[in-house]
Amino acid sequence: MPLHIIACVKQVPDPEAPASALKVDEAAKKVVPAPGVASVISQFDALAVEAALRVKDVIADAKITVVSMGPAEARDVIKHSLAMGGDEGVLLTDNAFDNGDSYTTALVLSKAIQKIGDFDLLLFGRQATDWDAGVVGYGVAELLGIPSVSIAKAVTVQDGKVVVERVLMEGYDTVEAPLPCAITVSNELGEPRYPKLQQIMQAARKQVSVWSAADLGLDASQVGAQGTRMVLERLYQPVSEVECEVMEGETPDEKAQKLAQRLRDEKVI
Amino acid sequence: MAPANEFPGNIFFYLIILGFGAFFALTVIMRLIPFFQAKRVSRLDHLPERVRDFFLVMMAQSKFFRRKYWYSGILHVFIFWGFMVLLIRSLNLLLDGVSGEISLQHLLGNVYTGWRPVMDLFNVLVIVGVSMGAFQRAFIKPERITINRDGWTIISLIFLLMVTDVLGNSLEIFLERGGKDYFSFFAFGVANLWDRVGLGVGTAEAAHTVFWFSHLVILFAFLDYLPYSKHSHVLTVAFNVFFRSSEPTGVLQPIDIEGIMERAEEGATFGVAKVTDFSWKQMLDFLTCTECGRCQSNCPAYLTQKELSPKAIQHAGRLALLANTPTMSSILRLSPSLPRTDGEPPRPIDTMGFDSIWDCVTCGSCQYWCPVMIEHVPTIMDVRRFLVMDEAQMPETAQAALMQIEQRGHPWRGTTFTRSDWMEGLEVSLFDGSQEYLLWVGCSGSLSERNVPITQALAKLLIQGGVSFGVLGEEEPCCGDPARRLGNEYLFQMQAQQAIEIMNAKGVKKILTACPHGYNVFRNEYKQFGGNFEVVHHSQLLAQLVKEGKLRPKQGEEQTIVYHDSCYLARHNDIADAPRQVLASLPRARVVEMERSRKTTFCCGAGGGHMWVEESKGQHINHARTEEAIGTGAGVVATACPFCIQMFEDGIPALEPDEEKRMRALDIAELLETAVAVKTEDMIGASDINLSMGGDEVAPSP
């Protein structure tokens, strides 16, 4: 039985697009990217795929399925993940999925994972680089009733369990968990590998299944705009203003004293 | 008349010829085997130019008449022309050995006798040349040449050939076998010596036989030794010059990606994985390299203490090639030592090395200086393509740049500009087929902070000069050049095809660009994918507008400007006068030159994708060039390339911490715009533009 790893990836508008290219429609509470903004794979999700590949580098008898929930274009990020070395892809696309929240996303993904069946390891990016909520991975684990380990910088599978190095402020923890298990991956893992051209070309031939809400046994009321449990109050671009106050003084000592006093007044220190 | 005409001489004669001849023939056959396994390329185009260059470069030795290596130039011209001239003597020797009836002396009579003084003169010149060479190896020892036993063997063999020739000739004159040859001054002088010492006829005849046979043996030994020596160019250079690429030097050839995918099962690779993936011409290059080192001494990577030496690359190619060539037997051990191979022969990447392959900035200086027309850059790039596309092995910074182009459609990660921000406040319209030129702004021209003011200055000049042009705006893709230079041919082809499609759909016929890399790609490489456009560099158009009086530079402060030639403009595409004409038109500006200028310009360091790749070690190439520019004492360095100017903007503060004393770096468009002082109600001067969307800084005032 090959070790079955499922990596979940999300397609997002380029987080590095110039700020001027992303507009917020406050009335509709939506982000409107300018036409030129590219759609890319969420950075941490690419690392989730990389983590899966590193496990497969060691345990050759492993299979990696890449799953993404999104519009039809999200097929591109699945293809990219397959080019990196994933074996099969699953695209979950349905208008009913639109305008959901982290919960509905976790629900859809968990249903898809159950449909795929028999998995050993789930890998997610720690957060998506558009909304940065950072909870879907744990949500899926919860819905599936399996343990989860967060913010991994290294993932290895040994003797039927997973060993994870978790990032801490001052260093890292080493955590062991039984399989099946869900793990969220952080950028400390390193760089996602660059696919060889042959792999890119071959990715086109790999199987990508496309499932709708009905295929997952879900109806519109459970997902998307109807199923969301989060209420978005307001969406806006904060205006940042920088005021710079320069401390006056005859000597550096005097300026430093004044600065300290000023910070005290502002209750910073 | 020859000592070989009668027994036992004739036995020796035929034994020598057959023995050495067979050895030579076998060697050549073995050496040719990998050539038949190599990639096929056709080099039969432009035949008149090939014939012309054969005479110019090889027969007339044009590449040796450059001041930089004048000493070697003289000695080589002596030796080579001597070799050509004395071929007649060798031929005569062979024919005479068979029978006096068919010797050239007999058949051509006085014509041959008339040629003898010329050959005699060249006997002397070759000896002079060889002596100059020996002196160079023994005492001058320039760093570029390889001083080894092989080199000394060649020098000795040539010297001995000349000595036996002269002595044999002198004895023929002495014995009056050659007729009254008074005009072979040197040989005649030696003949007089024999007279003076009272040499007996018997001794003279014996001595003549000795020298005659010695010359024959040394001649054949030399021939047989050649393939095993770094001097093998003697046998290959005629072909190497004739079959050189007729395209401009900045051009790289496309790969048939689909075709290779189909043959992937058989082990086909996109780049060069094994030595037989090279073309026969590239293999010929390896065998033609004489290790003179001119390439190395002019390579910006080598000169800044990096791993890369173009000479070492050729040598490494030769090693890989020889490891894939059957050998007569390893007993002979005449060839330079081969790497020991247990099993698989070494691949080019093994002999050349990862760092060397990535150090190359594709400036083409190596090819400019190479006297035997070796094409170093495509060979390096073919291995780079293997590393990137087949192995996905590249420096992190290169990988990041390629990912940027793939995902974002441009290499400038972190830019806060959009492609149309620069247009704000300018009367620039989108290209709709009605305008004469498409102004291709480029990723650098629109997204890189330093280059936006240059694009704006150019646009203002074009408007002022009444030029009909339009832009693609947000629709403009990346031309793909960085992808190709970084080795990702697949990504390049996708970008190129996309760009060509867009341009053809809009009916673009003429492209105007301020970027030499874009110029090179559009003019010389897009035709590989069906994109045929007329391409103009902004320096050419600006020079023309000034000449026609449509732009009138009328104001300017006194300043000294040094012009830096971009490799892709001056060396690869022969554009060096136009930018200078623009600078010459600036009132009260004095233009100075660096020593390394025009075709010999020194790279700014950003070529070959290195705008985005960290240098491996050593001095920064751009610091070296900035140093040279500062050394002229000029207050301004002028460029005509978006990469070059960024390299100077980085190098200048690094070398001069005091802001007051710093040299300024400016594009010729910025300099001209200041002089023309474009000012209309609709246009805003560059110094007034506040790029509030793009950043907090105001554009530097020219």
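Chain B is divided into domain 1 (9-231), domain 2 (257-393) and domain 3 (400-688), with bounds that come from an automatic or database domain assignment. This is a predicted model, in which local features need pLDDT of at least 70 and side-chain atom pairs count only at pLDDT 80 or more, whereas totals for chains, interfaces and linings use all residues. Residues are numbered from 1 along each chain as its sequence is written, and chains are lettered from A and ligands numbered from 1 in the order in which they are written.

Chain B holds 30 helices and eight strands, where helices (H or I, at least four residues) and strands (E, at least two) are DSSP runs numbered from the N terminus. The C-alpha trace of chain B spans about 105 × 65 × 50 Å along its principal axes. Of its 702 residues, 49% count as buried, a residue being buried if 20 or more other C-beta atoms, placed from the backbone, lie within 10 Å of its own. Two residues are in contact if their C-beta atoms, placed from the backbone, lie within 7 Å; among contacts in chain B between residues at least 6 apart in sequence, 80% join residues at least 24 apart.

The centres of domain 2 and domain 3 of chain B, taken over C-alpha atoms, are separated by 33 Å. Their contact takes 23 residues from domain 2 of chain B and 23 residues from domain 3 of chain B. On the side of domain 2 that touches domain 3, two or more residues each come from α13 (300-303), α16 (354-359) and α18 of chain B, and the largest share, six residues, comes from α18(B).

Towards the other chain, 22 residues of chain B are in contact with 18 residues of chain A. Both α18 (376-390) and α19 (396-408) of chain B supply at least two residues each to the side of chain B that touches chain A, and α19(B) gives the most, with four residues.

A nonpolar core is a set of buried Ala, Val, Leu, Ile, Met, Phe, Trp, Tyr and Cys residues joined through C-beta atoms within 7 Å. The largest has 209 residues, and those with the most contacts inside it are A:A7, A:A48, A:L123 and A:I183. A second, separate core of 32 residues includes B:F13, B:L75, B:M162 and B:V166.

How values were computed
Buried ≥ 20, exposed ≤ 12 C-beta atoms within 10 Å, placed from the backbone.
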